[in-house]
Amino acid sequence: MRFDLEKALPLPLLTTSKMYYKRNMFVYNHGCQEMSSGIRFMHIWDETTASRGSQEIASCVNLSTRSLMLRHIVLYSDINYC
């Protein structure tokens, strides 16, 4: 299974300079794909619901794998360390 937390998206998208400095709400998008069958799961939430920490990522992966009834799972992610 491959999973990825995409870039945090500000909502709403503000283009005027006066509105640019106002607070935006961030939306998170987490995608999972089961490699052999190609089944995909997308999990979307905003920052008022939860953050984007390890517990939230583990919950998304758990929800994705629960319905597949797999015996063995190998997880792939594109984690970038700075």
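Colleague: How many aromatic pairs does the count come to?

Modeller: The count comes to 1 aromatic pair. This is a predicted model, in which local features need pLDDT of at least 70 and side-chain atom pairs count only at pLDDT 80 or more, while totals for chains, interfaces and linings use all residues. Residues are numbered from 1 along each chain as its sequence is written, and side-chain values use heavy atoms, with hydrogens and water left out.

Colleague: What makes Tyr 28 and Trp 45 an aromatic pair, and why is the pair called tilted?

Modeller: Rings of Phe, Tyr and Trp (its six-membered ring) pair if their centres lie within 6.5 Å; planes under 30 degrees apart count as stacked, over 60 as edge-to-face and the rest as tilted. The centres of Tyr 28 and Trp 45 are 5.9 Å apart and the planes make 55 degrees, so the two rings pair and the pair is tilted.

Colleague: Which strands hold Tyr 28 and Trp 45?

Modeller: Tyr 28 is in strand β3 and Trp 45 in strand β4 (residues 40–46), 17 residues apart. Strands (E, at least two residues) and helices (H or I, at least four) are DSSP runs, numbered from the N terminus. The chain has 2 helices and 5 strands, in the order β-β-α-β-β-α-β.

Colleague: Why is His 30 called buried?

Modeller: Buried means under 20% relative accessible area, exposed over 50%, and partly exposed in between (1.4 Å probe, protein chains only). His 30 has 0%, so it is buried. His 30 is also in strand β3 (residues 25–33). With contact meaning heavy atoms within 4.5 Å, His 30 touches residues including Phe 3, Phe 41, Trp 45 and Cys 60, not counting residues up to four places away in sequence.

Colleague: What is the count of disulfides?

Modeller: The count is 0 disulfides, a disulfide being a pair of cysteine sulfur atoms within 2.5 Å.

Colleague: How do you know that Cys 32 is in no disulfide?

Modeller: The nearest cysteine sulfur to that of Cys 32 belongs to Cys 60 and is 6.7 Å away. The cut-off is 2.5 Å, so Cys 32 is in no disulfide.

Colleague: Is Cys 32 buried or exposed, and which is Cys 60?

Modeller: Cys 32 has a relative accessible area of 3%, so Cys 32 is buried. Cys 60, at 6%, is buried.
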